[in-house]
Amino acid sequence: MKTTFFIIIIIICSGAGLALSASSSEGEGLTLTDCYLLAIKRSETVAISREAIRETEARFLQAVSGILPKLSFKSSYLRQDGTGGSNFTLKEVPESKFTFSQPLFSGFKEFASMAAGRAEERQRRQQQLRAEQLLFVDVSDAFYFFLSYQQELEALEMTRAALEERVQELKKREALGRSRASETAGAEARLRKTEADLESVKSQQDVSRQLMEFLTGTAVFALIENPPEVVDERGLEDCLGKADDRPDVRAGREAWEIAKKNIVLARAGSFPEVSLDGDYFTDRTGSAADVTWDATVKVSVPIFQGGENIGKIREAVSQAKQEELKFGQTRREALLEIRGNFTRWQSSLRQTQALQKAFEAAQKSYELQKEDYAHHLVNNLEVLQSLQDLEDRRRDLIAADNESKQLYSHLLVSIGEIAP
């Protein structure tokens, strides 16, 4: 299943092309933190979130402009018939002026728009933070898959070395007539099987390496565990208490706040609008040449709009209710996700602890079997079987240990945190 998962991802991603922006020398290891920081720089999703924040800031500036005065300069030069009748003469009418306009009252819609803009900016920032956290899940999964294969290769190399040593010993005993040829052949068969397993794991590691390189944008040859151990004494209730601070939950709360401000905007359509307009003339001719400035107070009172404003208000109220329901759903889903991730992580820890004991027992059994074989108390088949059990327990322990750390990363993200 792991191999199939990675192959599908690589096939999908290969169409976009894998351009490596940096490379690490062979033998140099990357930590989980290194991989995550590289992925942050490369991620298009995070970059889009940053641009969404800039877009929101621009909309906030537009909202602020609604309460600020507007000043412009206008100049015109008009030529017209000056006398009329059959005599054709031209009259020149130049005019230049500064125009000033200041909104005085518009139902507080500008203030509501500004508040909604601030809430949207906070929402976008929380969404960006959540995108970064979810990226950490992807990087963590790929990291521990690759690390698991890396450690499996090391374990298989140890097993191969033990089998090679075993084969050499049996060949010496066979030459002395103390072992049968079938015993040597059986050990060689297990050695070749281990070599085949090595090639299979190398292939799986290559596939996982491609995913790591896609996420980080750099060549990956080896990984280093940092930190090597996970110690977290928090209980389930402590984790559940973090749900309200999760970025997606906070973003949902801000979306609800935006929807409530939109109700104020809709209701503003039923209020009168008052504005002050003025002109200051720098160049003027004709009968009004002596007038250098004027000012006008405009009042617009909506009386009947055919039900348009009522419809907008009802629409805004409905949208606010929807956002409230979405916020509640997001919060409940966060709590469910935390419970599930916490349960899986705890179960994985207990499994890892049990497999650690099983590995230690298998290791001790193998050492005792070798001693018993040297004293002719057991046969070679029993020694090989104990070695096989040791290899199986070691690989099971590696898989379970990395899975528990992977699940811990899931738990951190589900409570709105990432590993340091």
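Student: What makes E44, I48, L61 and Q62 of α3 count as exposed?

Tutor: This is a predicted model, and the call is computed from it. The cut-off for exposed is over 50% relative accessible area. E44, I48, L61 and Q62 are exposed, so each passes that mark.

Student: Which residues of α3 are buried?

Tutor: V46, S49, A52, I53, T56, F60 and A63. Buried means under 20% relative accessible area, so these residues fall below that value.

Student: How do you know that the buried residues of α3 line one face?

Tutor: Look down the axis of α3. The buried residues fall within an arc of 105°, so they line one face of the helix. An α-helix has 3.6 residues a turn, so residues three or four places apart point the same way. The exposed E44, I48, L61 and Q62 sit on the other side of α3.

Student: What do the buried residues of α3 pack against?

Tutor: They pack against α2 (32-42) and α4 (109-175). Contact needs heavy atoms within 4.5 Å.

Student: Why is S43 called a cap of α3?

Tutor: A side-chain oxygen of S43 lies 3.3 Å from the backbone nitrogen of V46. The limit for a polar contact is 3.5 Å, so the pair qualifies. S43 caps the N-terminal end.

Student: What follows α8?

Tutor: H376, with a positive phi near 60°.

Student: What makes a set of residues a nonpolar core, and which members of the largest one touch the most others?

Tutor: The members must be buried nonpolar residues, joined through side-chain atoms within 4.5 Å. The largest core has 22 residues, and C35, V139, F143, M212 and L223 touch the most other members. Elements giving two or more residues are α2, α4 and α5 (181-216). The largest share, nine residues, comes from α4.

Student: Which residues does M212 touch?

Tutor: C35, V139, A142, F143, F146, G217 and V220, leaving out residues up to four places away in sequence. Another core, of 18 residues, lies apart from the largest one and includes A162, A187, Y373 and V378.

Student: How much of the chain is buried?

Tutor: Of its 420 residues, 38%.

Terms used: Residues are numbered from 1 along each chain as its sequence is written. This is a predicted model: local features need pLDDT of at least 70, side-chain atom pairs count only at pLDDT 80 or more; totals for chains, interfaces and linings use all residues. Side-chain values use heavy atoms; hydrogens and water are left out. Buried means under 20% relative accessible area, exposed over 50%, partly exposed in between (1.4 Å probe, protein chains only). Helices (H or I, at least four residues) and strands (E, at least two) are DSSP runs, numbered from the N terminus. The arc is that of the directions from the helix axis to the C-beta atoms. A polar contact is a pair of N or O atoms within 3.5 Å; within protein, one must be able to donate a hydrogen and the other to accept it, and residues adjacent in sequence count only if both atoms are side-chain atoms.
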